[in-house]
Amino acid sequence: ASQMKLANRNEQQSIMERERLREKLALRGQVHGESHIAPSNLRRSNKSSNTPKTPSSSNKGFKPSHPRGRQVRAAFRGQSRSPSAPRSPSPPKGVVVPSAPAVNKHIEDDASSSSSSRSSPTQDLDVPSMPKGLSSFQSLGELVTALEPVVAAYPAAKISGADAVGAMNRIKRLQRKRGTEAALYGRQAALMKTLGALVLGEMERMPGKLLSLAVNAVAETRGHGPLLEAASRRARWLAHEDPDSFDIQAVAVILNGFARAGIRDEELFSALGGLACRMAVEVPEEFAAQSVSVVVNALAKLRIKDVALLNAMAQVALTIKASDFSAQSVANILNAYAREDHHHKPLLAYMSSVLVQLPPEAYQSRHLSVSVNALAKFGMRDERALKFVEEAVLARSPAALDVQAIANLLNAYGKLLGADTSLALLDHLAAAI
């Protein structure tokens, strides 16, 4: 007990000596016109003054209503300024003396809580917020300019995971649509990097649909490998623990994103493929022609052979009306099953019939060539489909045919018709070459 009293007495003496030193410095500063912090006893004696007090910059953030807090802070400040000063005796065992960081943290916590309670609405208005209606931006430069101050002010500026994903997708869409000017490239890349890091931090809370949009935003952008790895883990977990978080569109977008990125993640494809098979049985009406074509095309791109998923997608495709298919979805489905070498006769027959029901001008040359080439791979000689493609090719300029389309057409008609191939078609392809 006597040792404790001695330690406390020494500590109080040290604090009083530093207070007297600060008072002398303050009085000396007043004489020479300098701006020093007034000691605590002088501030208390000026309470009755009518002159408004201005908080000193060195006392910024500290509440003047805690004299004990000022004394402790002054004591630690004095220790840091006078390293050669004699140190107070160490307290005996069992006596815990708070460290300077701990005391300062306690005081700063009080200050932050009080300053937040005193903040005015005008201060909140100074913090930029995410622009509304990102889809209304038609210029990449305008979008980048609107987003930069918000991202720079984060975390003071509130940016949710959904906000970041939406901004990244809009940047990607405008970049693909209008290209990126050289002056904007660095700024856009910096924005995508920062927003991607924010999305990565929110990954463990993302539902399946938002997760699919995040994957779509960065699938073709370099430097987002960690985000895609985290997205794969999250998607696999959701597929088992919260499958209702997905719809088939989200599943298709994630698989397509990894295919576009060239990442052959078999565990991810197995988890989401199994989920898609369940959906095909339980909710086949939710499938559209586009989602079927995207799923099977992702498998074909990465050369992942999932027979169960291919059969499930074929069964669903047979239930979709011909008018709901686009030229691209017809071509992608036929091409995917050909590349996977999966001969599903009912599907091939149905897609061949859908092929001729769409207007010829709806097809690009590539769509026509890969469709007829897929039929040729399986030896399916559908005279009606072959005649439709021939007429569609003859109706367009030879300049509209690229080298790959010409090669596919010659290969398909050579296999299926051989010498019976129309001379008009051969002359047209020769002119294109």
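Biologist: Does tyrosine 363 count as buried or exposed?
Modeller: This is a predicted model; local features need pLDDT of at least 70, side-chain atom pairs count only at pLDDT 80 or more, and totals for chains, interfaces and linings use all residues. Numbering starts from 1 along each chain as its sequence is written, and side-chain values use heavy atoms, without hydrogens and water. Buried means under 20% relative accessible area, exposed over 50%, partly exposed in between (1.4 Å probe, protein chains only). Tyrosine 363 has 3% relative accessibility, so this residue counts as buried.

Biologist: How many aromatic pairs are there?
Modeller: Rings of Phe, Tyr and Trp (its six-membered ring) pair if their centres lie within 6.5 Å; planes under 30 degrees apart are stacked, over 60 edge-to-face, the rest tilted. By this rule the count is two.

Biologist: What is the geometry of phenylalanine 325 and tyrosine 350?
Modeller: Their centres lie 6.2 Å apart, with 70° between the planes. Phenylalanine 325 sits in the loop between α14 and α15, and tyrosine 350 in helix α16. Both residues are buried. The pair is edge-to-face.

Biologist: Which helix holds phenylalanine 388, the partner of tyrosine 363?
Modeller: The two ring centres are 5.9 Å apart and the planes stand at 75°, so this pair is edge-to-face. Tyrosine 363 lies in the loop between α16 and α17, and phenylalanine 388 lies in α18.

Biologist: How are α8 and α10 oriented to each other?
Modeller: Their axes come within 10 Å and cross at roughly 25°. Angles under 35 degrees count as roughly parallel, over 145 as roughly antiparallel, 65 to 115 as roughly perpendicular, the rest as oblique. The two helices are therefore roughly parallel.

Notes
Axes fitted to C-alpha atoms, helices over the stretch in contact; angles between N-to-C directions. Helix = DSSP H or I, 4+ residues; strand = E, 2+ residues; numbered from the N terminus.
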